[in-house]
Amino acid sequence: MPTPIKRIEMEFLLKLLYDDLIPVKYLQGQNQYTLSLTKPAKGQLHFTSDRPIEGLEKNDRLQLMFNYHGQIITFPVKAESVRDTQIICPMPEMLYKNLARSFSRVSTPPDLQVEFSFHGDRYSLSYPKTSEFTQEEEPSFEALDPQNLKGLIEQMEEWIQIYASSHKLIMFKDTKPTEIEEILLTETGRCIYLPVTTKGLPADDPYPVKRLVTEGRFKRYLESTGVIEKSLDTIYTQFLKDKFDAGILSDLWVPILFHEYVVGYIHIWIDYFREDLKPFDYLVIDTLCQFAKILAYSLKINGYFEEGKLHNEPFQGKIIDISASGLLFAYPNSTFASTLMPDSELQVKLISPRRIVNAKAKIVRRYRDRIQSYYGCQFQDLEPENIRYLFEKIYGKPFTDEDAAFLSGEV
C-alpha cells in the first residue's frame with residue numbers, strides 16, 4: 001500500500017525539488033513530460049514543462065512523480081493555471097511513497113478495450129456480508145473428511161471438549177446477527193478473542209493477514225453506532241464485566257466464512273469453575289479457524305450454497321487508468337458492485353488490434369464515492385512477452401533500462 005509522507009518530510013522534499021532541480025515526471029497516455037519547479041514551494045507549485053502538455057486545461061488533475069535517491073515519490077495536484085509550458089498548482093495535500101504497483105499508470109490507449117469476468121465461482125446469498133473479506137486458500141484436510149459434514153462436526157466437538165467447557169455452533173441461515181459479538185463478526189470477518197475476560201481484547205493483531213478484533217477495532221465499532229468518545233471506555237469496561245458476571249474466564253468467537261459471507265460462527269468458552277482448563281492461546285485460535293474453513297468447504301461441496309451460485313457473465317467497467325502491472329476501474333454503485341471485494345480475483349481480457357492478452361488480476365484496494373466504486377487491480381503471473389507488449393502498447397515506446405530504473409520497483 002502507498003505510504004503517506006508526513007508534513008515535515010513533505011516540506012523537505014518539495015524544497016529539494018527547487019533547490020536540487022529534481023525533474024518531475026508526468027505521464028499522459030503515451031506521452032511523458034518533464035516538469036521543473038521554478039519557484040520555492042510556498043502556497044503554490046510553479047512548474048515549467050519541457051513542452052506544452054497536450055490537452056491540459058485549468059482544473060485538470062495531474063499525477064506527478066519524482067525519483068529521490070531511488071525512492072519513487074508520487075502526488076496528485078490540480079492545475080490552477082495553464083499557460084503554454086507554465087503550470088501553477090496548489091500545494092498537494094499529501095505525498096506518497098512505497099506504492100504497491102510495479103509501473104506507472106496512464107490513461108488507457110483509445111484502441112485498447114478491457115473486459116472482466118470473475119475468476120472462479122461467485123454467489124449471491126442471504127447470509128450477512130463482511131466488509132473486510134480476505135480471499136483464503138483451500139484448507140488442508142489431513143484426517144478430516146469434508147464430504148461427511150455430520151462426522152466433521154462431531155470431530156470438531158470432540159476436540160473442543162479438550163480445551164473448552166462449553167460451545168455453540170450457530171448458522172445465520174435462519175437467524176440474523178443480534179448480539180454485539182455477532183455484529184462484530186459479520187462486519188469484520190474476524191475472531192473475537194478474550195484470552196482472559198478481565199484483561200480485555202488484544203491491543204494488537206499478530207497475524208500477517210488480520211484475524212482478530214482488537215480493542216481499538218471494538219471501540220471504532222461503538223463509535224459507528226453513535227457512542228460518543230468519552231463513553232467508549234465505560235461501555236467497553238461494562239462489556240468485559242458482563243462476561244465476568246456470566247462466569248466466563250476465556251472466550252473465543254470464530255466466524256465461518258464463505259467468500260464474502262459470514263455463514264455462521266463457532267463460539268467456545270471456559271467457565272470459572274473449570275480449573276483444569278487453561279485460557280485459550282493462539283494454537284486454539286489457529287485450530288478452530290481451520291475447522292471453520294473446512295466446515296465452510298464441507299457446506300459448499302454438500303450443496304448448501306448451490307442455489308445462490310451465479311452465472312459468470314463478462315462485464316465492463318470504466319477504466320480510469322492502466323499500467324503494465326495493473327489498472328484502476330470504476331463501476332456504478334449497485335448490488336453487483338458490492339460483490340467486487342478486495343482480494344477477489346478477476347479474469348481480464350485486454351483487447352487491441354494486434355493482440356488479445358488474457359490475464360488474471362486481483363483487486364488490491366477499493367474505495368467509493370456517492371455515485372460509483374473504484375477498484376485498483378494488480379495483474380497476476382503475466383508472461384514476460386505480455387508485460388513487454390502491454391508496456392509498449394500503453395507507453396508507446398520500447399521497454400528500456402532507463403524506463404525500468406524509473407518506472408519499476410517502487411512505482
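I am working with a predicted model, in which local features need pLDDT of at least 70 and side-chain atom pairs count only at pLDDT 80 or more, while totals for chains, interfaces and linings use all residues. Residues are numbered from 1 along each chain as its sequence is written, and side-chain values use heavy atoms, with hydrogens and water left out.

I looked up the aromatic pairs, taking rings of Phe, Tyr and Trp (its six-membered ring) as paired if their centres lie within 6.5 Å, with planes under 30 degrees apart stacked, over 60 edge-to-face and the rest tilted; the count comes to 23. Y123 and F258 are an edge-to-face pair, because their ring centres are 4.8 Å apart and their planes stand at 65 degrees. This pair links distant parts of the chain, 135 residues apart, with Y123 in the loop between β10 (113-118) and α2 (149-163) and F258 in strand β13 (residues 248-258).

I then checked burial (buried is under 20% relative accessible area, exposed over 50%, partly exposed in between, with a 1.4 Å probe and protein chains only). Y123 counts as buried at 3% relative accessibility, and F258 counts as buried at 5%.

I next noted F172 and Y265, a tilted pair with 5.8 Å from centre to centre and 50 degrees between the planes. Both F172 and Y265 are buried.

Last, I looked for charges over rings (NZ of Lys or CZ of Arg within 6 Å of the ring centre and within 35 degrees of the ring normal). R211 lies over the face of Y207, at 4.6 Å from the ring centre, and the charged end of R355 sits over the ring of Y389, 4.6 Å from its centre.

Definitions and conventions. Helices (H or I, at least four residues) and strands (E, at least two) are DSSP runs, numbered from the N terminus.
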